[in-house]
Amino acid sequence: MLEVGIAILVFVALLLCGVPVAFSVIAGSVAGLFAIGSLPMEALSQQSFAGATDYSMLAIPFFILTADLLFSGRLGAQVIGLATRLVGRFRGGVGMTSVLTNAVFAGVSGSAVADATGLGKVMIPWTKRLGYPAEYAAAVNASSSVLGVIIPPSIPMILFSAASGASVASVFNAGLMPGIVMAVCLMFGCWFIAWKHNYPRVKAKLTAKKLAVDLLIATPAILIPVVLIRIFLFTGTATVTEVSVLAAVYAILIRTTMYRDLTWKSFVRSIAESAASTAVVMILIMFSAALSWLLTIQEAPQKLATALLSTTDSYPLIVLFIIIILIITGMFLDMAPAILLLTPVLMPLASAIGMGTVHLGILMVCTLAMGLYTPPVGTTLYISAGIGRVGINKVTRELVLFYALIILFVLGVAYLPGLMFIPA
């Protein structure tokens, strides 16, 4: 275990010094391998490449491309318009519109960062123009954008499936209800804050004719999660990679035939930005796989499980311990490396207390998602604050109620899986 301790110490030290996560991870792996001394350094590079060879990983660039193609066109504006008509006239309806729009696009992108950036550029300025504080607009966008990693398709769920061996379809299926429950929790938070501060409502007429037109135009976005995910993937007609390719082709077709707003220039830009985003994710996957391999050969997960179970065998206490580990880790690590590093560590512990692999995966994704809008490394928090041109501290204070609601939601996922249709 000394070698593992050295690897983790180097990793954390470099992370605190501001070294990018991927390079901190691989440096820790190299240090740990040097400490072992009996293994060739070539093994590290082999394990790094092995982490990126899973067939399901091919789905990541195509889901990112699909989201970029749809966000940059007229369809994004149409979905926002539909959400505004449905909930805009209620107290807190402006925030609810952001949550509802993120919930719809969560079934397309699989990425919280894509949602926070793509929708934030539209929703935050719009919310500010309606007289809402910039910190409120940023807080709603930062928290609701994480629906992109909980409502399938979800890139972190794909990574968990690759790391644990669980079926992608099973994990996606289990993530649907928690995603809906989380959206409801966030919408309640929007209503409460708006009621407390007497924020204005949006004057959006809801007539049968206008609703029908909005639904007709926004239907292409809704069909991606409904048809491609629910039918093709869950019936076994297509794999997650094949579904991701179909989604990208589908996005290109509706942009060129229905909306007719996809130019060659915008298509090339979408390809380039999607490739850049994929490269960031893949280098994290590769280097995290190397560190996970080092932990595995030193039997660190099994030793952690044995040590913890020797102090208590209480299911609620061990689950609470897992949640605390995930919350703390999520505050400092992005979801991709956190999932790839913690999955082999927590699986023996979850297995020992009778928690199913799919249940563990959903708990990990839902809990680590909080870290995306929690200081000091909250990605969607910084993106939203930047778009809203407001200080991080102000946005964080506005997020307090959302933190409380999501912690209750996480506890529900952990202890009441049956209510959320998660296999226990």
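Start by selecting R389, which is exposed, with a relative accessible area of 78%. Exposed stands for over 50% relative accessible area, buried for under 20%, and partly exposed for what lies in between, with a 1.4 Å probe and protein chains only. What you have open is a predicted model, where local features need pLDDT of at least 70 and side-chain atom pairs count only at pLDDT 80 or more, while totals for chains, interfaces and linings use all residues. Residues are numbered from 1 along each chain as its sequence is written, and side-chain values use heavy atoms, leaving out hydrogens and water.

Stay on R389 and check its backbone: phi is positive, about 55 degrees, although R389 is not a glycine. It sits in the loop between α18 (379-388) and α19 (392-398). Helices here are DSSP runs of H or I with at least four residues, numbered from the N terminus.

Next, select F421, in the segment after α20 (400-415). F421 is also not a glycine, yet its phi is positive at about 60 degrees. Its relative accessible area is 60%, so F421 counts as exposed.

Now color L317, L320, I324, I328, F332, Y415, L416 and L419, which make a nonpolar surface patch of about 730 Å². Such a patch takes residues with over 30% relative accessible area and no salt bridge, joining nonpolar side chains (Val, Leu, Ile, Met, Phe, Trp, Tyr) within 5 Å; a salt bridge is a side-chain nitrogen of Lys or Arg within 4 Å of a carboxyl oxygen of Asp or Glu. Areas come from the Shrake-Rupley method with a 1.4 Å probe. Helix α15 (residues 315-332) gives the most to the patch, with five residues. I324 belongs to α15 and is partly exposed, at 43%.

For a contrast, move to α9 (155-164). Eight of its 10 residues are buried, among them M157, L159 and F160. In the loop between α8 (134-144) and α9, find P153: the peptide bond from P152 to P153 is cis, with omega near 5 degrees. Just after α9, G165 has a positive phi of about 85 degrees.

Finish with α3 (residues 42-50) and α13 (residues 264-297), which pack at about 125 degrees with axes 7 Å apart. That angle makes α3 oblique to α13; oblique is what remains after under 35 degrees (roughly parallel), over 145 (roughly antiparallel) and 65 to 115 (roughly perpendicular). Axes are lines fitted to C-alpha atoms over the stretch in contact, with angles from 0 to 180 degrees between N-to-C directions.

How values were computed:
Helix = DSSP H or I, 4+ residues; strand = E, 2+ residues; numbered from the N terminus. Patch = residues over 30% accessible without salt bridge, like charges linked within 9 Å, V, L, I, M, F, W, Y side chains within 5 Å.
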